[in-house]
Amino acid sequence: MENQSTNQLINYTLHLADNSLILGHRNSEWCGHGPVLEQDIAITNIALDLIGQARNFYQYVAQLINKSQNTQVPRVSAVGGDSEAKKRASEDTLAYLRDGHEFKNCLLTEQPNGDWAKTVLRQFFFSIYQYFLLEELKKSKDSQLAAIAEKSLKEVTYHLRWSSEWVIRLGDGTEESHERMLKAVDELWPYTGELFEAANYEQFAAKEGFGANPSSLKTKWEGKVKQIFSEAALAFPKGVLQQTGGKEGRHTENLANILAELQFMQRTYPDSVW
Amino acid sequence: MAATTEEKILSVLETVIDPEVPVLNVIDLGIVRDVVLHNEDEVEVAITPTYSGCPAMDVIALNIRIALLTLGFKKIKVNQVLSPAWTTDWMSEEGKQKLKDYGIAPPTPKQQVCNEKLFSEEAIQCPHCNSWHTHRVSEFGSTACKALYVCDECKEPFDYFKCH
């Protein structure tokens, strides 16, 4: 029982970490390409916050894996190396040495940047989700998850405000910006449903009191989207087929592209250091 | 004697500067949360990041270690704590004055826009000419902890250390 609990805590925390890392990486691709300097800085600041959150989660996962005596626990390939010293997980091995199918991020976070409308809408969808999730996670029985949530929530509040403003600015902007926002909604909406479909480890986390069941966040999330969409002159989509699988490691081809770049150095020059 | 050692620790920590805002030390910033003196060889310091992704934290932890080595400690532990989350309310008044002298508007004492309200703007005083006639260019600046403003009076752009 103890082992199962640790295992699920690891999976759950990895999922939280992967969401932040992958979206953070996507946002970082804007570095030097933003529409104006100030917004280039804004999106890369958000990337930095997300990658910082990912680091906190990965460090915690590594600690759990290394502490555990159960060889079944590290259900990740990221405890590589032959020497004794290297047979340990770290934030770096978890980010750089796991394969695509081991990543548990939601499909939404790996979607390509597209244009600015798509990027800010993706951020908006994710930030609302993160905002309500972290509010619950602050009350986690696991003190480290609660601490990371408390810390991250302050940053996510900025992200949510910033991305909401952009959705309104573009949705209720010019004819072209409105058109682009409509297209972004079409492209991203099929990946929003997955956020609220609880994976095994999320159900377990909710039951044990260290995590939240995402299905309980759906109403609040939809309420916020409706509120901002009405200000942005955008219709709330209905009856769109939803894609799922990311939380269980079944990803779109986009994740492989991200990892090819993200993990390139460690894969090509193993153990290289900065 | 113990009090003297603690005073020494405090003054040596005041020499550890934030590499990204080089007028503030770690005490001014309020990121040193605890110092535990185990014995004359062993000390433990708890620090908290300003933002989760603050890239200065690793350098700051290293510099705290180096500073404490100069006091002759042999076992130094620098731990990161996340809760309670850092807030600009922990910044010293001295630190705020140093920021202003350096040309960065210090954080406002009341948390006015640390919420999800849209399109709101804080009234920020220009650190150069003291005018309140300023406006925000971007709520994200050169580092995670700052926003970009410009003064409508003296026309100078400036950084604002945003309340958090």
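Two strands are taken as paired where DSSP finds at least two bridges between them. The legends below describe a predicted model.

**View 1. The open four-stranded sheet of chain B.** In chain B, 4 strands form an open sheet in the order β4-β7-β6-β5, and their pairing is mixed. Strands β4 (104–105) and β5 (134–138) of chain B each have a single partner strand and stand at the edges, so one side of each is left without a neighbour in the sheet.

**View 2. Pairing of β5 with β6 in chain B.** Strand β5(B) runs antiparallel to β6 (residues 146–151) of chain B, and 4 bridges join the two. Within this pair, B:Arg136 is found opposite B:Tyr149 of β6(B).

**View 3. The contact between chains A and B.** Here 25 residues of chain A are in contact with 20 residues of chain B. On the chain B side, the residues touching chain A comprise 11 nonpolar, 7 polar and 2 charged.

**View 4. Packing of helices α2 and α6 in chain A.** Helix α2 (residues 37–67) and helix α6 (residues 143–171) of chain A have axes 11 Å apart and pack at an angle of about 165°. Because angles over 145 degrees count as roughly antiparallel, α2(A) is described as roughly antiparallel to α6(A). The crossing of α2(A) with α6(A) is left-handed.

**View 5. Residues at the contact of α2 with α6 in chain A.** From α2(A), the contributing residues include A:Ala42, A:Ile46, A:Asp49, A:Phe57 and A:Tyr60. Those they meet in α6(A) include A:Ile148, A:Glu155, A:His159 and A:Trp162. The residues of this contact divide into 6 nonpolar, 5 polar and 2 charged.

How values were computed
Residues numbered from 1 in each chain as written. Chains lettered and ligands numbered in written order. Predicted model: local features only at pLDDT ≥ 70, side-chain atom pairs only at ≥ 80, totals over all residues. Contact = placed C-beta atoms within 7 Å. Nonpolar A, V, L, I, M, F, W, Y, C, P; charged D, E, K, R; others polar. Axes fitted to C-alpha atoms, helices over the stretch in contact; angles between N-to-C directions. Parallel < 35°, antiparallel > 145°, perpendicular 65-115°, else oblique. Left-handed = near helix turned anticlockwise from the far one by under 90°.
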